[in-house]
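Let's take a walk through this structure together, one piece at a time. Have the sequence and the 3D view handy as you read.

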Amino acid sequence: MVSALCIYALCYSGDFFDTAASSSNSGGYGSSTIGGSSSSLPLVLRVSPVSFAIIGISFGYFTMDGLLLLMHPEIASREMAVHHAVALMSLVVAAQVSAMHVYLMLILLTELTTPVGEFGQQQQQ
């Protein structure tokens with residue numbers, strides 16, 4: 001679900017990159033803030049309601065997955081703990097400073113490969 005929202009926000013919404021609909025009324029920079037003001041902010045400072053929803057959903061996912069790792073230490077590893085801690089920290093920072101959402105969404109797209117890796121590990125066992 002998060003990957004689909006990321007693809008929508010990055011490719012179709014016009015909030016982060018120019019589309020034909022958004023380039024005419026925003027000076028070529030897309031929407032920049034919640035509410036759709038058309039100031040010309042750099043890409044790193046642009047946010048949207050969808051990007052905040054993505055951050056909220058991802059925060060919930062990483063929190064629950066981290067708690068599962070704590071409850072079941074047999075599936076946990078140091079690398080997974082660090083991965084979840086860094087992910088949660090980056091989500092909190094991006095939400096607090098209202099910046100870097102585009103980069104965070106690009107990184108969250110890599111989580112799409114998680115089920116593939118887990119399936120491959122199960123097949124080897």
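One definition first: a residue is called buried when its relative accessible area is under 20%, exposed when that area is over 50%, and partly exposed in between. Keep in mind, too, that what you're looking at is a predicted model.

With that in hand, start with Ser-98. Its relative accessibility is 31%, so Ser-98 counts as partly exposed. You'll find Ser-98 in the loop between helix H4, which covers 78-97, and helix H5. Its backbone is worth a look as well: phi of Ser-98 is near 50 degrees, a positive value in a residue that isn't glycine.

Stay in that loop, and you'll come to Met-100, which also sits between H4 and H5. Here phi is near 70 degrees, again positive in a residue other than glycine. Met-100 has a relative accessible area of 41%, so Met-100 is partly exposed.

Now zoom out. The chain has 6 helices and 0 strands, so if you read the elements from the N terminus on, you get α-α-α-α-α-α. Of the 125 residues in the chain, 27% are buried. And if you take the contacts in the chain with a separation of 6 or more, 60% of them come from residues 24 or more positions apart.

Where do two of these helices pack together? Look at helix H1 (residues 2-12) and helix H5 (residues 101-108): their axes lie 9 Å apart, at an angle of about 140 degrees. That angle makes H1 oblique to H5, because only angles over 145 degrees count as roughly antiparallel. The crossing of H1 and H5 is left-handed.

Which residues do the meeting? From H1 come Val-2, Ser-3, Cys-6, Ala-9 and Leu-10, and from H5 come Val-102, Met-105, Leu-106 and Leu-108. Sorted by class, this contact of H1 with H5 has 8 nonpolar residues, 1 polar residue and no charged ones.

Last stop: the aromatic rings. A pair of aromatic rings is described by how far apart the centres are and by the angle of the planes. The structure holds 1 aromatic pair. The partners are Tyr-61 and Phe-62, with ring centres 5.1 Å apart and planes at 70 degrees, so the pair is edge-to-face; the cut-off for that label is over 60 degrees. Are these two buried or partly exposed? Tyr-61 is partly exposed, with a relative accessible area of 41%, whereas Phe-62 is buried, at 3%.

How values were computed: Residues numbered from 1 in each chain as written. Predicted model: local features only at pLDDT ≥ 70, side-chain atom pairs only at ≥ 80, totals over all residues. Heavy atoms only, no water. Axes fitted to C-alpha atoms, helices over the stretch in contact; angles between N-to-C directions. Helix = DSSP H or I, 4+ residues; strand = E, 2+ residues; numbered from the N terminus. Parallel < 35°, antiparallel > 145°, perpendicular 65-115°, else oblique. Left-handed = near helix turned anticlockwise from the far one by under 90°. Contact = heavy atoms within 4.5 Å. Nonpolar A, V, L, I, M, F, W, Y, C, P; charged D, E, K, R; others polar. Buried < 20%, exposed > 50% of the residue type's maximum accessible area, 1.4 Å probe, protein only. Phe/Tyr/Trp six-rings, centres within 6.5 Å; stacked < 30°, edge-to-face > 60°.
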